[in-house]
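Good morning, and thank you for the time on the agenda. I would like to take you through one structure, from its chains to a few single residues.

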Amino acid sequence: MSLLEVVVSSVVLASSSSGALGVWNRAAIEIQRSTQLDEHALQLETARIATHRWLQSDAASSVVIDSSSPDCRFNPEALEAAVADRLPLGSELSTHWSADPQGLGHWLELSVDVLQAMPLLKRRLLFSPAAYGLCKQEELSS
Amino acid sequence: MLPLALTASAVLLLGSASLYTLSLQKRLRIHSSQHREQGADQLRSAAQAFAAAARGPEACFLRWPSIEWASAAQDCSGSDPSRLSGGVVGEMAWSLLDWQPFTESGQLKVQLADGRTGSFRLSLDSLVPSILGISEVQLQGRGLHLEAE
């Protein structure tokens with residue numbers, strides 16, 4: 001075993017160790033980000049299911065309909081407050097309700113307010129009171 | 001000593017490359033899952049739009065299979081079946097593929113403009129034609145779209 005062989009072997013081993021360490025580091029960051037994205041996606045899905053189930057419950061019928069409107073439509077303030085109060089939303093989750101321009105219902109936009117979450121996780125769904133039997137009273141009275 | 005160093009280097013580099021590939025696969029799986037959920041959300045929104053349209057005079061059509069709506073129009077005066085046959089929800093066009101009513105429920109099948117298809121079970125009032133609830137979406141792929149292509 002010559003000195004030259006020892007030096008070359010050391011250089012090869014040092015270079016490959018350094019390279020492997022860099023790749024391991026990037027892989028660890030990637031896995032951490034993916035795990036975080038996975039958790040946020042689960043939070044969004046949980047919030048969506050919880051909203052859907054709550055609208056199907058009897059508790060929703062008495063509070064979310066705008067009684068002052070001749071059409072059967074959600075009261076956006078009551079809807080937002082009721083859903084925000086009742087859902088076990090994570091602190092990183094934000095909800096936003098907006099009326100559909102065609103009057104079909106209200107859009108729920110769920111997103112995660114974390115800068116590191118790239119790309120931004122977002123869900124957007126339409127909810128109509130008619131789909132949950134919440135317009136039944138209005139239809140019976142009309 | 002040199003062969004040993006080369007073998008150790010190869011093991012280190014191959015191991016790290018495998019780990020990085022695994023991490024990228026996980027990222028791709030999440031993106032694919034997100035894409036699927038967004039498609040499901042659009043189908044859910046289309047079903048909600050159907051329910052919103054199936055009110056008032058148009059609720060009369062809930063008693064008939066969609067294939068019979070043209071002939072049922074006589075029994076549903078003042079109603080327009082085209083309002084239930086499709087529309088635009090968000091920025092996505094949707095169309096009704098099929099509606100099959102049963103005693104206290106109905107099977108709704110809708111398709112998006114990109115070919116994605118989903119079906120829902122809707123709870124119906126047994127006394128008056130009215131929707132009481134809506135199930136989760138059953139995704140059915142985009143077979144018709146691919147066939148058209």
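Predicted model: local features only at pLDDT ≥ 70, side-chain atom pairs only at ≥ 80, totals over all residues.

Let us take chain A. Its secondary structure consists of four helices and three strands. Following the sequence, these elements come in the order α-α-α-β-β-β-α. Chain A has 142 residues, of which 24% are buried.

Now to the way the chains meet. On the chain B side, 36 residues are in contact, and they touch 38 residues of chain A. Which elements of chain B give two or more residues to that side? They are α1 and β5, the latter covering 131-134. The largest share comes from α1(B), with 27 residues. Sorted by class, this side of chain B holds 20 nonpolar, 10 polar and six charged residues.

In chain A, helix α1 spans residues 3-56, and in chain B, helix α1 spans residues 2-53. They pack at an angle of about 15°, and their axes are 8 Å apart. Are the two helices roughly parallel or roughly antiparallel? Angles under 35 degrees count as roughly parallel, and α1(A) and α1(B) are therefore roughly parallel to each other. Their crossing is left-handed. The contact of α1(A) with α1(B) comprises 21 nonpolar, 11 polar and eight charged residues.

I turn next to the nonpolar core. As a general remark, nonpolar side chains in soluble globular proteins tend to be buried together. In this model the largest nonpolar core has 54 residues. Those with the most contacts inside it are Ala46(B), Ala47(B), Ala49(B), Phe50(B), Ala51(B) and Ala54(B). The element that gives the most to this core is α1(B), with nine residues. Which residues does Ala46(B) touch, if those up to four places away in sequence are not counted? They are Val89(B), Trp94(B), Val110(B) and Leu112(B).

Leu124(B) has 23 other C-beta atoms within 10 Å; the cut-off for a buried residue is 20 or more, so Leu124(B) is buried. Beyond its neighbours within four places in sequence, Leu124(B) is in contact with several residues, including Leu62(B), Pro101(B), Glu104(B), Ile131(B) and Leu132(B). Phe102(B) is 22 residues away from Leu124(B) along the chain, and their C-alpha atoms are separated by 8.6 Å.

Next comes Ser32(B), which has its place in helix α1 of chain B. Is Ser32(B) buried or exposed? It has 10 other C-beta atoms within 10 Å, and a residue with 12 or fewer counts as exposed, so Ser32(B) is exposed. Ser32(B) and Leu84(B) are 52 residues apart in sequence, and from C-alpha to C-alpha they are 31 Å apart in space.

The remaining position is Met1(A), in the segment before α1 of chain A. Met1(A) also counts as exposed, with 8 C-beta neighbours inside 10 Å. Setting aside neighbours within four places in sequence, Met1(A) is in contact with Val6(A) in its own chain and with Met1(B) in the other.

Technical notes
Residues numbered from 1 in each chain as written. Chains lettered and ligands numbered in written order. Axes fitted to C-alpha atoms, helices over the stretch in contact; angles between N-to-C directions. Parallel < 35°, antiparallel > 145°, perpendicular 65-115°, else oblique. Left-handed = near helix turned anticlockwise from the far one by under 90°. Nonpolar A, V, L, I, M, F, W, Y, C, P; charged D, E, K, R; others polar. Core = buried A, V, L, I, M, F, W, Y, C linked by C-beta atoms within 7 Å. Contact = placed C-beta atoms within 7 Å.
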